[in-house]
Amino acid sequence: MKPNFEQYKDIPGTTIFTIELARQGFHLNQFCMSLRSEENRKRFLADNRAYLDEWEMTEEQKQAVIDRDFQKMLDLGGNVYFLSKIFASEGLSYVQAVSTMTDMTTEQYQEMMINGGRNIEGWRSKKERGEA
């Protein structure tokens, strides 16, 4: 029996990595894994577009990588553990990269996490926030 992940679509900031997203993001995630090699990292950083064009990714996925739009990459099937290869290649910490997926600076995001995470008031559902 397939789980019903639809129930989580109403929770702000939640991306469930489903089998459908895994299939959609297969080549994006394979590209990310290629960045484990120093030679590949150098090639990618020297010319993002040329390196990305070697991969069977969609144009939307390639543009998200070029823009370093990590939330868009997640939406297009990227897995955060694979995406970490991109920001690590540029010397960014996990906190720096993840903060780009919020409306906060790195310092604000880090402070929020040190203080126990996002306040749940107003964050229970998109519907409650008038976003649905």
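Residues are numbered from 1 along each chain as its sequence is written, and side-chain values use heavy atoms, with hydrogens and water left out. Because the model is predicted, local features need pLDDT of at least 70 and side-chain atom pairs count only at pLDDT 80 or more, whereas totals for chains, interfaces and linings use all residues.

**View 1. Salt bridge between E59 and R49.** A search of the whole structure finds seven salt bridges (a side-chain nitrogen of Lys or Arg within 4 Å of a carboxyl oxygen of Asp or Glu). In the one shown here, the side chains of E59 and R49 meet with an N to O distance of 2.7 Å. The pair links distant parts of the chain, with E59 in helix α5 (residues 59-67) and R49 in helix α4 (residues 48-52), ten residues apart. Helices (H or I, at least four residues) are DSSP runs, numbered from the N terminus. E59 is partly exposed at 43% relative accessible area, and R49 is also partly exposed, at 28%. Relative accessible area is computed with a 1.4 Å probe on protein chains only; buried means under 20%, exposed over 50%, and partly exposed in between.

View 2. The side chain of K62 meets that of D53 in a salt bridge of 3.0 Å, N to O. K62 is buried, with 9% relative accessible area, while D53 is partly exposed at 42%. R68 pairs with E90, and their closest N and O atoms are 2.7 Å apart. R68 counts as buried at 18% relative accessibility, whereas E90 is partly exposed at 36%. Salt bridges that share partners join R49, D53, E59 and K62 into one network.

**View 3. The largest nonpolar core.** A nonpolar core is a set of buried Ala, Val, Leu, Ile, Met, Phe, Trp, Tyr and Cys residues joined through side-chain atoms within 4.5 Å. The largest such core has 19 residues, and those with the most contacts inside it are F31, F44, V65, M73 and I86. Helices α2 (26-34), α4, α5, α6 and α7 each supply at least two of its residues. The most comes from α7, which gives four residues. Leaving aside residues up to four places away in sequence, F31 touches F44, Y51, L52, W55, M57, V65 and I86 (contact means heavy atoms within 4.5 Å).

**View 4. Aromatic pairs of F31.** The structure holds seven aromatic pairs. Rings of Phe, Tyr and Trp (its six-membered ring) pair if their centres lie within 6.5 Å; planes under 30 degrees apart count as stacked, over 60 as edge-to-face and the rest as tilted. F31 and F44 form an edge-to-face pair, 5.2 Å centre to centre with 65° between the planes. This pair links distant parts of the chain, with F31 in helix α2 and F44 in helix α3 (residues 38-46), 13 residues apart. F31 and F44 are both buried. The pair of F31 and Y51 is tilted, 6.0 Å centre to centre with 55° between the planes. Since F31 lies in helix α2 and Y51 in helix α4, the pair ties together parts that are 20 residues apart in sequence. Y51 is buried, as is F31. F31, F44, Y51 and W55 form one aromatic cluster.
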